[in-house]
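Good morning, colleagues. Please look at the sequence and the model as I proceed.

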Amino acid sequence: MEAGSRHVPVLPAEVLASLAPKPGQIVVDATVGGGGHARLIAQHLGTTGRLIGLDQDPAMLNLAQAGLAQMPVTLMQSNFDQLRDVLDHQGISAVDGVLADLGVCSDQLDDAERGFSFQQNGPLDMRLNPTEGEPAASLLQRLSERDLADLFWKYGEERFSRRIARRIVETRRSAPLETTEELAELIRRSMPRPRGRQIDPATRVFQALRIAVNDELGALDRLLAVLPSCLKSGGRAVIISFHSLEDRRVKQAFRDRKVWQVLTKKPIQASEDELRSNPRSRSAKLRAAIRL
């Protein structure tokens, strides 16, 4: 676990094996979070190498800084879809490796004030960059019933999307939904009683809202589009996704045989040992490819 952070980086050994960082290389951690993966990678780059760490959340960059002190690391506030612009600004034509861990950092999830989690009460914000964009509460207040239902289905694959959207519109006529607790309870009341052990009924809607608030799939599409131009010939791309909407996009991008040599015919997932020590790794899927 990185210093100053509660977050445990997923698939750490698998990331290093797939990225294969070497002394003197330049590697980008496009989602630095608390700095866990970045620290592991930087230890292999030596004094002549360099790691560039990106994150759109200034709080995560501040958190990562403590654990990366005295290491060959440059931290920058930027969304990963701006990778080409970042490298141009640094005077770098191409790098040896790029890692993108698309999951939300545990430090963000566990901070009630950020509004990512239905497991504790907080404002419905969900912005990865808290200084930009529209908070989730505003989105819930502005969108029509149909648009809300479409959002929950498209980004959360929630089969009760129309029922939940209708209940949200009915509720907001009296008062806006402003907290994670209010929304989670509304969702749970909108669904049939679950049988047996299942995920919390609020899971898919919260995922869909977070994706919409941060345009996560659009940002991923833009990253995948510029990634080939950012890697040297023989450079490696490693992407960790946490749901099928992301994984499909990565799989499809790496299928271009004119650009990529795929290293992972099937996505790499956490071992039983890792699942026991870090339950949040259960949804992680790693895909890797070499730039031809």
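This is a predicted model: local features need pLDDT of at least 70, side-chain atom pairs count only at pLDDT 80 or more; totals for chains, interfaces and linings use all residues.

Residues are numbered from 1 along each chain as its sequence is written, and side-chain values use heavy atoms, with hydrogens and water left out.

Let us begin with the sheet. It is open, with 7 strands in the order β3-β2-β1-β4-β5-β7-β6 and mixed pairing. Strands are DSSP runs of E with at least two residues, and helices are runs of H or I with at least four, numbered from the N terminus; two strands pair if DSSP finds at least two bridges between them. Which strands stand at the edges? They are β3 (73-77) and β6 (260-262); each has a single partner strand, so one side of each is left without a neighbour in the sheet.

Strand β6 is joined by 3 bridges to β7 (residues 285-291), and the two run antiparallel. Within this pair, Gln-261 has Ile-290 of β7 as its bridge partner.

Helix α11 (residues 216-230) packs on the sheet, touching β4 (95-101), β5 (231-241), β6 and β7, where contact means heavy atoms within 4.5 Å.

Finally, the loops. Gln-70, between α3 (58-67) and β3, has a positive phi of about 70° although it is not a glycine. Asp-215, in the loop between α10 (203-214) and α11, also has a positive phi, near 45°.

How values were computed
Axes are lines fitted to C-alpha atoms, for helices over the stretch in contact, and angles run from 0 to 180 degrees between N-to-C directions.
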